[in-house]
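Here are my notes on this model, point by point. Please read them with the structure open.

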Amino acid sequence: GLPTSLIAAASQQHPKPINQTFTYGTAGLRTRADILDSTCFRVGLIGALRSKKLKGKTIGLMVTASHNPEQDNGVKMVDPRGEMLEATWEPFCTQVANASTDEELIASLEKIISHFKIDLSAPASVIVGYDTRPSCKQLVQAIIDGLSALGAHTIDAGLKTTPQLHYLVKCINTEGTPESYGEPSEQGYYRKLAAAFLKLVPASSDVPPLVVDCANGVGAYALTNLIKYLPEDRIAFRPMRTSTTTPGALNNNCGADYVKTNQCLPAGFEKENLQPGERFCSFDGDADRIVYYYLTGPASSKDSFRLLDGDKIASLAAGYLSELVTAAGIELELGCVQTAYANGSSTKYLKQRAPVTCTPTGVKHLHHAAEAYDIGVYFEANGHGTVLFSPSAQRKIKEATPNSPAAQTALEQLGALVDLINQTVGDALSDMLLVEVILRTRQWGPAEWDGAYEDLPNKILKVNVKDRFMFKTEDAERRLTSPPGLQERIDELVGKYKDARSFVRPSGTEDCVRVYAECAIASELAPLANGVAKLVS
Ligand code: 16G
Ligand code: ZN
């Protein structure tokens with residue numbers, strides 16, 4: 001049975017704050033860092049059980065609160081194939097996190113053990129990574145205390161981006177098998193990405209450096225390291241917002257979320273002598289999201305700013321990949337996956353080229369839907385996304401006999417792309433290299449890329465409500481089923497605007513409801529969005 005006295009003794013060191021409730025949601029468990037200690041200890045316990053359930057396969061725990069403020073933190077679990085925790089475990093995690101006494105804690109663990117028929121004598125192995133937040137060190141110690149209480153083998157991965165941790169988990173579990181995903185080390189990650197990139201881009205070029213806003217987060221470390229593996233004559237970078245130890249700097253007025261939400265440059269960029277036509281991109285705080293942007297005129301003018309968000313990346317990637325598949329002369333179905341937040345113009349553009357699925361928000365939904373295709377391109381508008389190649393697609397790419405030199409080249413490029421693109425989760429570094437490959441190959445600047453379609457003016461508003469759990473959705477979050485009558489009122493309002501669309505959903509990460517609105521005429525956007533927000537509040 002469980003070592004109950006050991007667990008209780010360890011739990012004394014990590015008391016649960018009273019009157020706090022935690023929920024394992026789309027971002028794992030996430031809240032203010034100063035109330036997260038007990039939760040991290042308990043996630044350590046659960047992590048050990050999850051690994052035991054999987055007969056000692058290594059699972060991952062990542063400590064990060066991504067794009068959220070520096071004083072927040074969170075922890076999420078990574079399954080052995082580098083994917084998000086199996087959803088059936090989420091409510092159990094919530095229960096364990098909320099147990100208010102040691103007896104309740106033990107009982108909630110027993111419940112997991114009996115529900116999932118876990119053999120406690122099985123080994124457990126857990127790898128832990130964390131971002132640059134000052135609270136991480138202490139929270140990681142709490143996790144390790146939880147893991148130790150159940151005797152789990154613990155690997156401290158140190159400072160990592162979220163996608164690097166996903167990569168490591170997958171590598172460890174496939175090491176020495178025919179499905180080996182790569183060398184299970186941070187160096188192995190850079191080597192894999194760099195080797196694939198260098199296969200894909202021509203030797204020399206006079207492309208100006210890519211300006212990278214690292215959000216003052218762990219992406220700054222990762223980019224600095226990655227650069228060592230990429231000769232400057234193949235790709236040059238100008239890293240910005242790399243102050244990872246300046247208190248309060250993380251995600252502050254910079255980063256992918258700031259740029260996407262405010263649809264403007266990171267604060268202060270206008271003083272950086274940035275030129276129209278140059279490529280800029282922003283990572284988020286744990287480097288699993290990326291958005292691009294560029295200027296059409298002086299940085300001081302807000303009208304010069306052009307955003308190339310997750311939807312634009314999806315359109316670029318889908319267009320390029322489908323051409324390669326055709327050129328390679330192989331039969332592979334390419335499909336795209338978006339959420340309701342995808343700009344209507346992007347959906348229209350993609351639908352003319354490939355099947356498109358819409359899923360609820362959250363990577364696990366998109367990832368799962370993308371697995372239905374041979375090549376599944378999934379992106380959230382906020383810049384989280386990747387491309388999945390099914391096992392059979394990977395086999396076809398490897399084993400096909402090319403019927404022309406052009407087909408041979410296309411097959412080689414597809415093979416390199418399988419390695420370049422992080423197959424476990426959206427990855428800012430990997431996605432950045434993918435975009436750079438495509439732009440080089442097409443000899444496009446950002447304006448040519450942007451030319452694919454014109455975004456509809458759009459806006460997301462945050463609305464504070466009494467109880468966000470009253471808001472229930474259907475049809476991939478595009479329609480409300482509750483509160484009763486509200487959807488009809490939204491429909492009526494939306495009907496008054498040209499090419500308008502709006503939806504309302506409860507946030508999975510914050511205590512609020514979000515309103516999305518888009519329409520054809522820019523001046524109508526504010527009245528539409530505010531009108532819907534008013535109906536909601
Ligand atoms: C989480 C999700 C992200 C989603 C966001 C929506 C993962 C790993 N992350 O950060 O994909 O866009 O939540 O937040 O699934 P919201 O529910 O607060 O709008
Ligand atoms: Zn993130």
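1. Start with D286. Its contacts beyond four places in sequence are T64, S66, D131, T161, T162, G217 and V218. Keep in mind that this is a predicted model.

2. Where does D286 lie? It sits in the loop between β8 (280–283) and β9 (290–295). D286 is buried, because 33 other C-beta atoms lie within 10 Å and 20 or more is the cut-off.

3. S66 is the partner to check next. Its place is the loop between β2 (58–63) and β3 (72–78). S66 is buried too, with 28 other C-beta atoms within 10 Å. Leaving out residues up to four places away in sequence, S66 touches A27, D284, G285 and D286.

4. The record bears on both residues. In an unreviewed entry, UniProt lists S66, D284, D286 and D288 under "binding site". These positions span 223 residues in sequence, yet no two of their C-alpha atoms are more than 8.1 Å apart, so they gather at one spot. Please treat the annotation with care: it may be inferred rather than shown by experiment.

5. Now the domains. The assignment gives domain 1 (4–159), domain 2 (187–307), domain 3 (310–450) and domain 4 (458–536).

6. Look at domain 1 against domain 3. Their C-alpha centres lie 34 Å apart. Five residues from domain 1 and seven residues from domain 3 make the contact. On the domain 1 side, the residues that touch domain 3 are two nonpolar, two polar and one charged.

Key: Residues are numbered from 1 along each chain as its sequence is written. Chains are lettered from A and ligands numbered from 1 in the order in which they are written. This is a predicted model: local features need pLDDT of at least 70, side-chain atom pairs count only at pLDDT 80 or more; totals for chains, interfaces and linings use all residues. Helices (H or I, at least four residues) and strands (E, at least two) are DSSP runs, numbered from the N terminus. A residue is buried if 20 or more other C-beta atoms lie within 10 Å of its own, exposed if 12 or fewer, and partly exposed in between; C-beta atoms are placed from the backbone. Two residues are in contact if their C-beta atoms, placed from the backbone, lie within 7 Å. Domain bounds come from an automatic or database domain assignment. Ala, Val, Leu, Ile, Met, Phe, Trp, Tyr, Cys and Pro count as nonpolar, Asp, Glu, Lys and Arg as charged, and the others, Gly among them, as polar.
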